[in-house]
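Reader: I am new to this structure. Please show me how to read it, one feature at a time.

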Amino acid sequence: IMLLEGQVRLLKEQLAAQPTGAATGTEAAATAPAPATPPSPAIASEGGAQLPVYGGASAAAKALNPDISVIGDFLGSVGHYPTPRGSVLFQSGFQSLTMHESELGLQAIIDPYARGDFFLSFGESGVDLEEGYITFTALPAGFVARVGKMRAAFGKVNSLHNHVLPWTDRPLVTENLVGGEDGIDDAGFSLQRILPAPKGIFLEATGQVFRGDTGTQTFFVPVTPANPTGTIEQTLFTATNKSDVSTVAHLRGYKDITESTNLDLGLSYARGHNELGSGFLTQLYGVDATLHWKPLRRSIYHSFVGRTELIWSQRQQPSNLGGEQRAFGMYASGDYQFGRRWFVGGRYDYAKRARDANQLDRGASAVLTYWPSEFSQIRAQYRFTRYAEGIDANELLMQVQFSLGAHGAHPF
């Protein structure tokens, strides 16, 4: 419709500029009926006649382009981390200053039945397709389907992009049990539907099937004599053959408790094969809860969000590697808005490691965030971590994020 409107405007401008009878171009332009929409700017020719600038077609063509956005994530860190300067850990994992991520988003309505979303992640060492999928929104029986590469609907943190997180990092349970920063992010398809529920409860069920290969994660730990590189290579899901697909199921319930308070609960399950072969499975079970409080009539610049996730990992391994490992991890956080642009929060981390459930990492963080506007934010985070090796790390992380262009809203 916008393209046709642009063509109509262009035709009206051309008709208005054409001479009629013996009249000159200037007289024709003066006597011609005024177009329904304001004409484009005009320039003067040598004879003094006003010639239109033909920009209507190109302006209308822009309506077919997707919304484009870029989000920058700059991260710096200082403090004590027990790592020699020449180690792999220092070189690869904990630089003092880094452009952590630049996310390019391309989003558009394809037709009345579908929309497309692409998110490209640019790091200092390469480019990666974080997500790229088409969503079919008009299927029968109220179903919504997605096809492409996407973050799995497992819990809360796994489905969030970095710039939406209320912290500069991801919780330890994500690092230890759910594949690190990338998490469960794979090619596949998803099907979801809103289920009928009583008493104003919003209930949504999601089922997903993925290729079954989340890639290898480099997990950074303190350097010890037994681990001089300070790295652990681990994989959440690996597809040895085409039939080794992974599956994810998620059930979400939402309820308004009062006018200012609502509660969001979720149950998650994920299953896939690990790098040891098709005969070895890794299963994840998760429970998540989010409490929102936001006054609507007074104190509008005050709010609180409490989050927690509990995740259980069941990883099959041969007896010479310790046999089946059952590990548990969780985090709990709270973020309070005490001013128009100021937020303060804290987070507690507790997570065992998937390959060796006898190893336990713990941590705590304090976060202060300032929003100059909705297009930028500045965040400081103090992070304390006590690793299973008995080594403590104290760090201060500084983050600056900024957004350019139209970036679509993320799911609530």
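Reader: Is A141 buried or exposed?

Author: First, the ground rules. This is a predicted model, where local features need pLDDT of at least 70 and side-chain atom pairs count only at pLDDT 80 or more, while totals for chains, interfaces and linings use all residues. Residues are numbered from 1 along each chain as its sequence is written, and side-chain values use heavy atoms, with hydrogens and water left out. Next, the terms: buried means under 20% relative accessible area, exposed over 50%, and partly exposed in between (1.4 Å probe, protein chains only). A141 has 51% relative accessibility, so A141 counts as exposed.

Reader: Where is A141, and what is its phi?

Author: A141 sits in the loop between β6 (126-136) and β7 (143-151). Its phi is positive, about 65 degrees, although A141 is not a glycine. K199 is another non-glycine with a positive phi, about 55 degrees. K199 lies in the loop between β8 (185-195) and β9 (202-210). With a relative accessible area of 72%, K199 is exposed.

Reader: How many helices and strands does the protein chain have?

Author: Helices (H or I, at least four residues) and strands (E, at least two) are DSSP runs, numbered from the N terminus. The protein chain has five helices and 20 strands.

Reader: Which strands pair with β14?

Author: Two strands pair if DSSP finds at least two bridges between them. β14 pairs with β13 (residues 261-273) in the antiparallel sense, over 13 bridges. β14 is also joined to β15 (residues 303-315) by twelve bridges, again antiparallel. D264 stands opposite T290 in β14. H292 has V305 in β15 as its bridge partner.

Reader: How do side chains sit along a strand?

Author: In a regular strand they alternate between the two faces of the sheet.

Reader: What share of the residues is buried?

Author: Of the 412 residues in the protein chain, 40% are buried.

Reader: Which residues have the most contacts inside the largest nonpolar core?

Author: A nonpolar core is a set of buried Ala, Val, Leu, Ile, Met, Phe, Trp, Tyr and Cys residues joined through side-chain atoms within 4.5 Å. The largest one here has 26 residues, and F154, I184 and L284 have the most contacts inside it. The elements giving two or more residues to this core are α5 (172-177) and β16 (325-337). Its largest share, three residues, comes from α5.

Reader: What does L284 touch?

Author: Contact means heavy atoms within 4.5 Å. Not counting residues up to four places away in sequence, L284 touches residues including F154, I184, L236, Y269 and W312.

Reader: Is T174 buried or exposed?

Author: T174 is buried, with a relative accessible area of 6%. T174 is in helix α5. Leaving out residues up to four places away in sequence, T174 touches V157, G179 and G180.

Reader: Which residues form the nonpolar patch on the surface?

Author: Patches are made of residues with over 30% relative accessible area and no salt bridge; like charges are joined within 9 Å, nonpolar side chains (Val, Leu, Ile, Met, Phe, Trp, Tyr) within 5 Å. A salt bridge is a side-chain nitrogen of Lys or Arg within 4 Å of a carboxyl oxygen of Asp or Glu. Here I257, L291, W293, F304, Y336, F338, W342, V344 and L368 form the patch, with about 740 Å² of accessible area together. Accessible areas come from the Shrake-Rupley method with a 1.4 Å probe; for residues, only the protein chains shown count as cover. β14 (281-293) and β17 (342-352) each supply at least two residues of the patch. W342 is found in β17. W342 is partly exposed, at 36% relative accessible area.
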